[in-house]
Amino acid sequence: MNEDNKSTSKDKEKNKSEDVNDKAVRPEPVISIEASDRENTAIDIPIKAKKLKKQRRKTALNSIALANIILMGAIFAGGFVYVALLPHETKADDENRMLTTFPDFSAKSYLNGKYTAGIADYFDDTVHDRAHIKEFIADNITPLKGRKYGDGEDGAELYGSGFIQKPAAVVTTSPPVTTTAGVQSPVPTAETTAVPETTAPPQEEEPAQGELTNNILIVNKRGVTLYGGAWGAEQEYASFVNEYKEALGGKNVYSMVLPTSSSFYIPEQYSNLAYSEKDDFDKIEASLKGVIPVDAYNILNAHKNEPIYSRTDHHWQPLGAYYAAQEFALMAGVPFADLSEYETVTLPGYVGTLYMYTQSATLLNNPEDFVYYKPKTPVTVTQYDTHFQNPVAANLLLDPAPMPNSGYYMVFGSDERIVHVNTECKNGRNLVIFKDSYGNALLPMLTSSFENIYLCDIRYFDLNAIDFIDSVEATDVLFAMCSFSAVGANRSCIHNNLNK
Amino acid sequence: MVFSRLFFIYIFLPLCLLCYAAARGIKQKNTVLILFSLVFYAWGEPVYIFLMLLTAVVNYTAGLIIGKYQGKGGDTAATAAAVAYDLLMLGIFKYSGFIAENINALFSCSIPVPDIRLPIGISFYTFQTISYIIDCHWEKVKPQKSFKNFLLFLTLFPQLVAGPIVRYSTIEKEIESRTVELRDISYGFNRIALGLAKKVLLADQLNIISESFLGNIGGSTAFGAWYGVIAYGMRIYFDFSGYSDIAIGLGRVFGFHFDENFNHPFICKDITEFWQRWHISLSTFFRDYVLYIPIFGKRRKYGGLFLVWLCTGIWHGASWNFIIWGLYYGVFVFIEMKIGKKKMKKIPVIIRHIYSKFVIFIGFGIFYFEDIGKLGTFFKTAFGFGKNGFIAVQDRISLINNMYLLIIAVICCFPIISTIKKVSDKRFASKAVISSTAAVAAALLLVITSIMLVDSTTHPFLYYRF
């Protein structure tokens with residue numbers, strides 16, 4: 001096959017020569033014999049036998065070819081039924097997204113190629129039972145690429161190259177995506193990930209859509225996004241937060257940069273794959289002017305043997321948020337409710353975003369419990385758009401029941417909104433939280449600590465931050481985001497929100 | 001439309017095959033092929049299809065004029081006009097932005113840089129029409145009198161957007177008369193399955209490795225740079241030769257016999273041989289139509305050589321790295337010419353292999369980095385002057401995580417299948433066994449590839465961009 005069959009023209013010539021050979025044996029023997037005597041004549045028997053043998057062989061090879069065609073034809077026919085006729089999926093729970101819909105026709109969409117591309121995307125993306133096919137790939141095909149590095153529990157898989165690299169410019173805010181290109185659906189809950197790309201140097205080359213952009217180590221059944229260091233960006237983060245303090249004067253401004261699992265769960269032999277988050281936190285703390293640093297690192301480190309970080313998701317678990325919130329409450333001098341005052345909800349079988357990014361069978365086959373906590377005290381929750389308009393009454397936590405594969409986003413919801421929580425804690429303290437998706441999990445933990453809490457995502461905020469803080473009469477402002485956001489591209493949002 | 005998508009494999013192709021099988025006679029079959037080819041092209045280029053059709057009309061008409069005024073002034077004028085048109089279109093749509101940028105940089109002016117999207121396949125179909133016109137002019141082929149037949153030659157979807165560059169002379173007779181035997185169809189299907197497997201199971205997986213290491217060259221170790229560039233080289237090979245396999249397989253199913261485009265290039269022993277095995281349809285195009293252009297006087301031999309390599313580089317893209325890449329190969333071919341075949345053969349084979357692979361994979365590095373600064377970083381890193389040392393744990397992890405993939409990829413670079421076939425063809429029994437095994441293997445590959453496509457990032461074939 002392929003170039004192995006050197007030249008098709010050679011085949012052609014070969015066929016021709018076979019035909020010529022056929023013709024060569026066709027002429028009658030030179031000695032003329034009456035037809036009636038032929039059967040008894042020995043002269044042409046070998047010729048006949050040879051011809052018959054050749055014909056038999058040709059027939060046999062044709063039969064094989066026919067069987068081959070039938071087999072391949074059956075696959076094409078089966079594939080047609082499967083791809084075109086069987087019911088199409090509409091939602092991918094494992095990827096936390098809606099699948100591509102059939103495009104609407106318009107002259108414009110046709111002329112710019114989006115319509116036809118959309119049709120192909122639709123059929124490719126919505127094949128029947130795709131979740132099981134993906135599981136089959138993760139379980140049976142992907143592992144065939146190689147084996148884990150190292151033995152036993154410490155055996156490692158690396159997605160991305162995992163280099164420590166000095167970034168020179170800001171990174172993209174796009175979430176890493178490994179699914180079919182061009183088919184990302186606009187589901188807010190799936191588009192709000194805050195895993196930035198500081199390990200790889202995305203500033204050097206814009207990653208192509210649909211390719212792995214993060215470096216993820218999978219070891220001990222846990223996925224870890226490798227932290228690549230701030231390399232000076234931490235100074236910029238500190239200066240941005242300082243600007244808020246300068247503008248806000250007497251209000252309390254806190255900076256709580258949250259470590260990721262990169263700080264706690266990388267075995268010693270792989271420790272040089274990631275940079276130290278703690279070192280950068282210390283540098284940030286040293287650069288803050290009037291801003292109160294909140295040390296989440298140490299308290300989380302003290303509890304790292306508890307399930308404070310998700311193994312299959314790049315976020316922390318709500319328990320981690322609880323400890324961080326406790327530290328913040330201590331620094332802010334506000335009351336803080338014990339975990340016993342919450343209702344514990346466990347969602348078993350959770351496989352989070354890191355599986356989505358890596359398609360690793362290790363993560364798929366080792367789901368975890370997603371445990372979250374519902375405050376027992378009643379609160380009033382109002383959601384606004386990013387202009388702080390169009391209020392809608394909402395629940396503090398979403399009900400994940402309708403989603404078979406629920407998790408972080410299903411519980412805490414999307415980021416493209418401003419949330420106002422009014423609590424029964426009447427201490428006159430109003431808190432504005434500027435956060436990334438990590439910060440979402442803090443909200444329920446602070447409902448006993450502040451009278452009003454405004455949760456704003458730094459990436460989706462369309463107001464002047466100082467005006468907003470003043471307008472809601474905030475007494476406290478907390479910057480709560482993971483290290484990747486604080487020293488990655490998202491940090492520029494902090495500054496930009498001052499100038500809107 | 002991309003071959004390696006479920007939509008193509010299981011909707012477009014079966015419908016096309018059904019209609020083709022239902023059509024009676026060569027004229028109806030050709031009509032079916034033209035219609036499906038136009039749909040195929042319009043799927044990705046709903047506007048630029050008119051450019052392709054205009055190109056078809058211009059070159060068809062020029063062919064008729066050449067035929068009418070053979071050997072006279074009209075012949076030369078029509079040839080020159082058609083070739084000029086073809087090159088102008090290629091220049092406008094592929095190189096105008098690059099030219100304007102460089103003029104601006106060179107003369108510190110500010111000519112507006114046209115932002116023109118490259119029409120899919122323009123580099124391939126333009127070369128097809130040029131070869132047709134010149135062959136008509138040289139009387140190697142008779143001009144095609146039927147526009148429909150000419151349109152079929154130009155638009156035939158198996159080879160339309162990413163080659164191989166099928167010359168008119170190759171399929172001239174088959175356009176008007178062709179027979180398809182069972183063995184053609186089975187061979188064609190198997191070849192399609194093989195091509196898809198090369199693309200999806202090898203090229204796309206190797207792409208993940210190469211992007212991880214070359215995409216992050218500033219943080220790479222020396223080992224990582226070589227690892228990444230070797231993965232990239234194999235990725236291009238499987239990507240492009242996979243496309244050629246699919247094209248040749250599809251052609252065979254419809255009764256066309258396209259020439260091979262790749263012949264296990266990595267087993268070459270020198271650079272000259274590499275280019276006899278790599279993208280053969282492009283190399284032979286330049287050899288036949290550019291090498292002996294009499295513009296270099298007495299230095300024609302070497303002038304033509306470097307012109308060919310300059311053109312080879314430019315053809316691959318409007319970027320300096322491609323020009324450097326082309327000339328880079330030109331230098332090595334020139335050196336090998338100077339050394340001479342006999343002396344080259346006296347060099348131990350192992351040395352020649354090491355030399356050729358070294359040059360080839362460095363060449364892929366040049367090919368990869370369109371940013372000259374990053375190319376410099378690549379060279380520094382690969383030759384041990386990078387900041388990150390020789391090897392690091394991430395290199396080892398990636399190597400082990402992908403070890404079976406890499407082993408299979410390397411094995412697939414060798415002519416294993418052709419060797420088996422050659423041996424088995426000697427005896428009927430073994431030929432029957434191998435044919436049966438090939439049928440089952442091809443079916444399995446098609447199924448596995450299709451499964452992988454459900455979960456794949458869509459990587460268009462690399463040569464779509466040329």
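In the predicted model, the axes of helix α3 (residues 49-68) and helix α5 (residues 122-137) of chain B come within 9 Å and cross at roughly 5°. Axes are lines fitted to C-alpha atoms, for helices over the stretch in contact, and angles run from 0 to 180 degrees between N-to-C directions. Helices (H or I, at least four residues) and strands (E, at least two) are DSSP runs, numbered from the N terminus. The crossing makes α3(B) roughly parallel to α5(B); angles under 35 degrees count as roughly parallel, over 145 as roughly antiparallel, 65 to 115 as roughly perpendicular and the rest as oblique. From α3(B), the contact draws on B:Leu51, B:Met52, B:Thr55, B:Asn59, B:Ala62, B:Gly63 and B:Ile66. From α5(B) come B:Ile122, B:Tyr125, B:Thr129, B:Tyr132, B:Ile133, B:Cys136 and B:His137. Contact means heavy atoms within 4.5 Å. By class, the residues are nine nonpolar, five polar and no charged. Ala, Val, Leu, Ile, Met, Phe, Trp, Tyr, Cys and Pro count as nonpolar, Asp, Glu, Lys and Arg as charged, and the others, Gly among them, as polar.

B:Leu38 belongs to helix α2 (residues 25-44) of chain B.

Chain A holds an open sheet of eight strands, with mixed pairing and the order β7-β6-β15-β13-β14-β12-β10-β11. Two strands pair if DSSP finds at least two bridges between them. Strands β7 (292-293) and β11 (392-394) of chain A stand at the edges with a single partner each, so one side of each has no neighbour in the sheet. Helix α10 (residues 318-332) of chain A packs on this sheet and touches β6 (252-258), β7, β13 and β15 (476-482) of chain A. The direction of α10 makes about 155° with that of β6(A). Strands β13 (residues 430-435) and β14 (residues 452-457) of chain A run parallel and are joined by six bridges. There, A:Asn430 stands opposite A:Asn452.

A further open sheet in chain A has three strands, ordered β3-β4-β5, with antiparallel pairing. Its edges are β3 (156-159) and β5 (222-225), each with a single partner strand, so one side of each is left without a neighbour in the sheet. The twist averages 20° from one strand to the next. Four bridges join β3(A) to β4 (residues 216-219) of chain A. A:Leu158 stands opposite A:Leu217 in β4(A). Helix α18 (residues 393-401) of chain B packs on the sheet, touching β3 and β4 of chain A. Its direction makes about 100° with that of β3(A).

The structure holds 25 salt bridges over all chains. A salt bridge is a side-chain nitrogen of Lys or Arg within 4 Å of a carboxyl oxygen of Asp or Glu. One of them links A:Asp282 to A:Lys278, with the closest N and O atoms 2.9 Å apart. Both residues lie in helix α8 (residues 277-287) of chain A, four residues apart.

The model scores ipTM 0.88 and pTM 0.78. Mean pLDDT (the predictor's confidence in each residue, from 0 to 100) is 90 for chain B, where 95% of residues reach 70 or more. For chain A the mean is 80, and 77% of residues reach 70 or more. In chain A, pLDDT stays under 50 over residues 1-33 and over residues 163-213. Where pLDDT is low, the predicted coordinates should not be read in detail.

Residues are numbered from 1 along each chain as its sequence is written, and chains are lettered from A and ligands numbered from 1 in the order in which they are written. In this predicted model, local features need pLDDT of at least 70, side-chain atom pairs count only at pLDDT 80 or more, and totals for chains, interfaces and linings use all residues, while side-chain values use heavy atoms, with hydrogens and water left out.
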